[in-house]
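Try each task before reading its solution.

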Amino acid sequence: MFARYRNFVTPLAIVAAGVLFYMQNPWFFPKDGSTERLVATVAFWALAIAVLVLMFSDRNAPESQTVDVEGPAFARYLFSNARAGLFWLPIRLFVGCEWLDAGWHKLSGTGWLDGGSALLGFWQSAVKIPEAGRPPITFEWYRSFLQVLIDNHAQGWFAYVIVIGELAVGIGLLVGALTGIAAFFGATMNMSFQLAGSASTNPIMFAFAVGLMLAWKVAGYYGVDRYLLPRLGVPWHGQMHLGRPTMHGAPAG
C-alpha cells in the first residue's frame, strides 16, 4: 500500500532533521510555549511517524535485506550468539530484580493502589517551576503531559499501570520471557522517570535495558526465550534460528 511512497522517506527524514535542529540549536530557536514551538513540535512528530511508517512498509523489499555496513565480529557475537546469553544473564537478573522489588514495594505499600496519592505527589513535585534554579523537568511538552494527568485526576488508574508494569517487566526479565519486549517497557519507564527529574538508578537501568534490547535474540537464551522464541518466530523472518550461520552454497552442518 505504501510502497509507492517509499521515495518520500529520504526528503521527509531530511525535513524532520531540519525541524529538530531548528528547535534544539543554541543560536536561534522558538521560545518555549510559543506558537512557533508548538507548530515545530507537531511538525517534527508528524514527519517522524510518517518516516517510521514508510520505512516499516519497506521492510519486505529485496534491497532491505542488504547489509550495507558490516558490524564488528565481537558485536555480532555479543548480540546474536546464543553462548553470549551467559554474559547477559547476570545483567538480566539484576535489572529484573530491581523492577520486581520496585513493583512489590508499591504493591505492598501505601499511596499507590489505594488512590495513587504517592504518584500524585511525585507528579506535583515534578511540574513545579522554582523561583530560582532549574526546574525538575527540562522539556516543556513532558511537563504539559504530566499536568494533563494531574488535571484529570489520573493518578488512581495510572498507579495500577505503573505497578503492574514494573512487576511484569521484573518477572519477564527474571525468567527470560520475551526479554527484548520486557527490556523495552522497562527502558520506557526509566526514561519517563528521568524526564520527570528522578535520577536514582534509572540511568544505569536504562543503559542495561538498551543492551538487553539489542541482544533480545540471545539475552533470554538461558531462560524461557530459549524455547519460546523459536516457536513464536519473528515478524520479519517467520522463525528465529539460534544455530550457527552457514556460508552461501555450503551445506549446513
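A residue counts as buried under 20% relative accessible area, as exposed over 50%, and as partly exposed in between (1.4 Å probe, protein chains only). The model is predicted, so local features need pLDDT of at least 70 and side-chain atom pairs count only at pLDDT 80 or more, while totals for chains, interfaces and linings use all residues. Residues are numbered from 1 along each chain as its sequence is written, and side-chain values use heavy atoms, with hydrogens and water left out.

**Exercise 1. Backbone angles**

Solution: 
- Step 1. Recall that most residues other than glycine have a negative phi.
- Step 2. Helices (H or I, at least four residues) and strands (E, at least two) are DSSP runs, numbered from the N terminus. With that numbering, Leu-178 is in the loop between α7 and α8 (179–195).

**Exercise 2. Aromatic rings**

Task: Find how many aromatic pairs the whole structure holds, and classify two of them.

Solution: 
- Step 1. Rings of Phe, Tyr and Trp (its six-membered ring) pair if their centres lie within 6.5 Å; planes under 30 degrees apart are stacked, over 60 edge-to-face, and the rest tilted.
- Step 2. Searching the whole structure gives 13 aromatic pairs. One of them joins Phe-44 and Trp-45, with 5.3 Å centre to centre and 70° between the planes, an edge-to-face arrangement. Phe-44 is buried, at 15% relative accessible area.
- Step 3. For Tyr-221 and Tyr-222, the ring centres are 5.3 Å apart and the planes are at 85°, so this pair is edge-to-face. Tyr-221 is buried at 16% relative accessibility, whereas Tyr-222 is partly exposed at 32%.
- Step 4. Look also for a cluster: Phe-139, Trp-141, Tyr-142 and Phe-145 form one.

**Exercise 3. The largest nonpolar core**

Solution: 
- Step 1. A nonpolar core is a set of buried Ala, Val, Leu, Ile, Met, Phe, Trp, Tyr and Cys residues joined through side-chain atoms within 4.5 Å.
- Step 2. The largest such core has 37 residues, and those with the most contacts inside it include Trp-88, Trp-99 and Leu-173.
- Step 3. At least two core residues come from each of α4 (85–108), α5 (117–127), α6, α7, α8 and α9 (202–214).
- Step 4. The top contributor is α7, with 7 residues.

**Exercise 4. A contact across the chain**

Task: What separates the C-alpha atoms of Leu-100 and Val-169?

Solution: 
- Step 1. Locate Leu-100 in helix α4. Leu-100 is partly exposed, with a relative accessible area of 29%.
- Step 2. Leu-100 and Val-169 are 69 residues apart along the chain, and their C-alpha atoms are separated by 7.5 Å.
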